[in-house]
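Please keep the picture in view while I talk.

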Amino acid sequence: MEMSNSSNMMWFFKHRGFDDTIIQKMFTKCKRLETAHRERADENWDYLKTIGIQERKLPSIVSKCPKILVLGLNEKIVPMVECLNTLATKPHEVASAIAKFPQILSCSVEEKLCPLLAFFQTLGVPEKHIGKILLLNPRLISYSIETKMTEIVKFLASVGLDKNGMIGKIMVKDPYIMGYSVDKRLRPTSEFLKSIGLTEHDLQVLALNFPSILSRDVDKVLVHNYDFLKNCGFQGRQIVDLVVGYPPILIKSVRNSLEPRIKFLVDVMGREVDEIIDYPCFFRHGLKKKLVSRHKLLKKRNLNCSLSEMLDCNEKKFHLKFGLLEGHALSN
């Protein structure tokens with residue numbers, strides 16, 4: 001009987017285009033496939049199509065978690081999908097979450113999902129965002145609340161982020177932060193940020209506005225960008241002001257983003273790099289679409305202004321501010 005079921009499952013996979021290497025890996029990953037019934041696999045496969053998962057994506061999903069073919073449909077899969085549907089606010093959110101982390105279907109609603117949602121509430125995550133967090137990062141359901149997530153909460157509290165639902169706000173902005181190691185990533189990053197001059201208050205502002213910076217690698221990313229800013233002539237508190245004013249400055253590509261903008265500012269616009277201290281968001285604006293085009297218009301009319309006056313407004317307001325409505329109409 002076991003051989004018969006195994007052969008049936010082989011036929012099931014072959015019929016759906018799986019190659020031999022992937023099939024072998026799935027049998028190794030999930031021993032229950034050897035005794036699985038093809039009828040159940042057919043039923044589960046067809047059900048996944050009914051909830052909005054495209055059939056072309058099913059082989060990838062099943063290869064990640066072959067166990068979903070042997071789970072009881074009405075006992076396990078349907079209850080989880082129905083619960084996830086109550087959390088979704090947009091079409092296909094549940095299908096997308098399952099595609100990202102199909103293992104979510106093998107988790108218990110009572111033992112994993114409900115405690116996780118309750119945990120989010122205790123952290124101050126607004127009710128309307130609880131589902132969004134999980135569906136954006138469904139892997140959260142696989143983390144231990146008692147060990148992994150509680151450890152991260154304690155770390156965030158240790159840097160003063162335990163007031164007024166701050167941790168909940170951080171999770172809404174960056175649901176992936178719960179997946180990182182405190183000792184290998186979050187603590188080293190926070191220590192580096194303090195070492196370059198950020199105060200605890202600066203760190204709190206940074207974490208609330210751009211929490212994903214806490215999970216970036218110090219040696220591979222942050223140090224490289226910090227050294228670039230120092231080489232540009234920025235020092236001490238100036239760098240802190242730049243980082244707090246525009247946190248992505250520490251993670252954007254030096255070669256493709258920061259360096260070309262600095263070069264344009266100095267070599268083409270004829271300005272000093274110190275001007276960026278007053279307007280760190282300078283690095284947020286597109287080089288060709290905004291910096292180049294607006295500089296050309298201002299230079300053509302011999303108009304002078306600060307970087308914030310030049311960039312911190314939409315096209316219509318920019319043209320109104322500098323009396324360029326005719327040029328705006330022509331460009332449109």
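What we have here is a predicted model, in which local features need pLDDT of at least 70 and side-chain atom pairs count only at pLDDT 80 or more, while totals for chains, interfaces and linings use all residues. Residues are numbered from 1 along each chain as its sequence is written, and side-chain values use heavy atoms, with hydrogens and water left out.

The secondary structure comes to 20 helices and zero strands, where helices (H or I, at least four residues) and strands (E, at least two) are DSSP runs numbered from the N terminus. Along the principal axes, the C-alpha atoms fill a box of roughly 85 × 50 × 35 Å. The radius of gyration is 26 Å, whereas a compact globule of 332 residues would have one near 20 Å; that radius is taken over C-alpha atoms, and the globule rule is 2.2 Å times the number of residues to the power 0.38. Of the 332 residues, 46% count as buried, with buried meaning under 20% relative accessible area, exposed over 50%, and partly exposed in between, for a 1.4 Å probe and protein chains only. If we take the contacts (heavy atoms within 4.5 Å) with a separation of 6 or more, residues 24 or more positions apart account for 70% of them.

Let me now turn to helix α7. Its 14 residues, 109-122, should span 20 Å at 1.5 Å a residue, and the end C-alpha atoms are 19 Å apart, which agrees; the expected span is 1.5 Å times one less than the number of residues. Which residues of α7 are buried? They are Val109, Leu113, Leu116, Leu117, Phe119 and Phe120. These residues cover an arc of only 165° around the axis, which puts them on the same side of α7, the arc being that of the directions from the helix axis to the C-beta atoms. On the other side of α7, Glu110, Glu111 and Thr122 are exposed. The cover over the buried residues includes α5 (73-87), α8 (127-136), α9 (145-158) and α10 (166-173). Just after α7, Gly124 takes a positive phi of about 90°.

That brings me to the charged pairs. A salt bridge here is a side-chain nitrogen of Lys or Arg within 4 Å of a carboxyl oxygen of Asp or Glu, and by this rule the count comes to 13. Asp162 and Lys163 meet in one of them, at 3.7 Å from N to O, and Asp162 is partly exposed at 48% relative accessible area, while Lys163 is partly exposed at 44%. In the salt bridge between Arg187 and Asp183, the N to O distance is 2.4 Å, and these two residues, four apart in helix α11 (residues 182-195), are separated by about one helical turn. Asp202 forms a salt bridge with Arg237, the closest N and O atoms being 3.1 Å apart. Because Asp202 lies in helix α12 (residues 200-209) and Arg237 in helix α14 (residues 236-245), the pair ties together parts that are 35 residues apart in sequence. Asp202 counts as buried at 7% relative accessibility, whereas Arg237, at 43%, counts as partly exposed. Finally, Arg16, Arg38 and Asp42 are linked in a network of salt bridges.
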